[in-house]
Amino acid sequence: MIKTNPVIAVVVPARNEEKYIGKLIDSIMQTTYDKDKLRIYICDGLSDDKTQEIVSGYAVKHKGVHLLINENRTTPFAFNLGIKNATDADIVITVSAHAEVYPDFFDKVVEAFTISPDIGCVGGISDNLYADETSRAIGLAMSSPFGVGNAHFRTGGKEGYVDTVSYPAYKKEVFEKVGLFNEALTRNQDDEFNYRVAKAGYKIYLSKSIRSKYHVRGTFEKVHKQYYQYGYWKVYVNKLHKTVTSTRQLVPPAYVAFLVGGLIVSCFSYVLALMYLGALCFYAACAFAFAAKSASNFKQSMMIAWTFMILHFGYGTGYLKGIIDFTLFGKNPSKKAEVLTR
């Protein structure tokens, strides 16, 4: 059980986040939670902007703020660096440098843990903040069931037990039992860790009352590369555990396989060509219907529908490449695959 007024450590991977890191720290310091019980670990991956300087300034003013240098730069190393330094924490929360939290964020985290002693991880819903029309379309697509399936932490469609959450808060005992994040995983390290958490007998709970904000940024090109990596690394995670860790991951590669296979067989049969064309029209109709449901105008609807296709094709092609590399040829991830896209 979580004790009353527990010590909470917030672990933040960061690299070149001078535009956002101050907003995150300010939002944490403005929460209603007892500041003497908060520890903030900014794990900087050798930034070459003013991120370290900004964090150091906050550390002077607030004893709970700490700057840690992540020599390896990648996210799982940052997570583990923060966890190892959070020696007196009862709860550890991993948060994006592009996030902000609501005033009652930590109170709601503690409250969610009281629902059941079996809960090892809780998380909530993140509201998107947009920089421009492109980021708005990307955010709306990633918040739609058509874009991301039953990923409830993105769609906000469910409160209760799930397989993963946004900005997860873990009981410290979870790390003692399950271990730390897998540092070989540049992507999908959180999904893989949550799979181990669930396998160890802990439950993961999504509470809509735990609320945060996220500054959506990026371009269509970066989103494609990001989701390509998600799909690619997901296969590597499956190989590590010798199982498919979630069923929704299979839909995008099936979609891409259909696109390629359907095009080939259509060359040999007029009937199959018509069926293939009909299936493509059905997909497009669904994409535009869900896009129109989220959009405020026609242009935005078109951009959201385009984002759907980017998400599905990027993830699907990455997944299929992962099957070829990891399953068929037994390769390890290449250095190129370890380069983050954001």
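Predicted model: local features only at pLDDT ≥ 70, side-chain atom pairs only at ≥ 80, totals over all residues.
Contact here means heavy atoms within 4.5 Å. Residues are numbered from 1 along each chain as its sequence is written, and side-chain values use heavy atoms, with hydrogens and water left out.

**Exercise 1. Phe106 and its surroundings**

Task: Find which residues Phe106 touches, not counting residues up to four places away in sequence.

Solution: 
- Step 1. Start with the contacts: Phe106 touches Ile8, Val10, Ile28, Thr31, Tyr33, Leu38 and Ile93, once residues up to four places away in sequence are set aside.
- Step 2. Check the burial of Phe106, using these classes: buried means under 20% relative accessible area, exposed over 50%, and partly exposed in between (1.4 Å probe, protein chains only). At 1% relative accessibility, Phe106 is buried.
- Step 3. Turn to the cores. A nonpolar core is a set of buried Ala, Val, Leu, Ile, Met, Phe, Trp, Tyr and Cys residues joined through side-chain atoms within 4.5 Å. The largest one has 70 residues, and Phe106 is among the members that touch the most others, together with Ile91, Ile93, Val109 and Val122. Helix α13 (residues 298–328) gives the most to this core, nine residues; helices (H or I, at least four residues) and strands (E, at least two) are DSSP runs, numbered from the N terminus.
- Step 4. Apart from this core lies another, of 26 residues, including Val7, Cys43, Ala89 and Val165.

**Exercise 2. Aromatic pairs**

Task: Work out how many aromatic pairs a search of the whole structure finds, and examine two of them.

Solution: 
- Step 1. Set the rule: rings of Phe, Tyr and Trp (its six-membered ring) pair if their centres lie within 6.5 Å; planes under 30 degrees apart count as stacked, over 60 as edge-to-face and the rest as tilted.
- Step 2. With that rule, the whole structure holds 22 aromatic pairs.
- Step 3. Take Tyr33 and Phe106, a tilted pair with 6.2 Å centre to centre and 55° between the planes. Tyr33 is in the loop between α1 and β2 while Phe106 is in helix α4 (residues 105–113), so the pair ties together parts 73 residues apart in sequence. Tyr33 is buried, at 5% relative accessible area.
- Step 4. Now Tyr236 and Phe326: their ring centres are 5.1 Å apart and the planes stand at 55°, so this pair is tilted. The pair links distant parts of the chain, with Tyr236 in helix α10 (residues 220–241) and Phe326 in helix α13, 90 residues apart. Tyr236 is buried at 12% relative accessibility, and Phe326 is buried at 1%.
- Step 5. Finish with a cluster: ring pairs link Phe79, Tyr170, Phe175, Phe181 and Phe193.

**Exercise 3. The faces of helix α2**

Task: Sort residues of α2 (residues 51–61) into buried and exposed.

Solution: 
- Step 1. Thr51, Val55 and Tyr58 are buried.
- Step 2. The buried residues pack against α1 (21–29), β2 (38–44) and β3 (65–69).
- Step 3. Lys61 lies over the face of Tyr58, 4.9 Å from the ring centre; a charge sits over a ring if NZ of Lys or CZ of Arg is within 6 Å of the ring centre and within 35 degrees of the ring normal. The charged end of Lys331 sits over the ring of Phe329, 5.8 Å from its centre.

**Exercise 4. Cysteines**

Task: Find how many disulfides the structure has.

Solution: 
- Step 1. Apply the cut-off: a disulfide is a pair of cysteine sulfur atoms within 2.5 Å. The search finds zero.
- Step 2. For Cys121, the nearest cysteine sulfur is that of Cys43, 18 Å away. Cys121 is buried, at 0% relative accessible area.
- Step 3. The sulfur of Cys267 is 17 Å from the closest cysteine sulfur, in Cys281, too far for a bond. Cys267 is exposed, at 63%.
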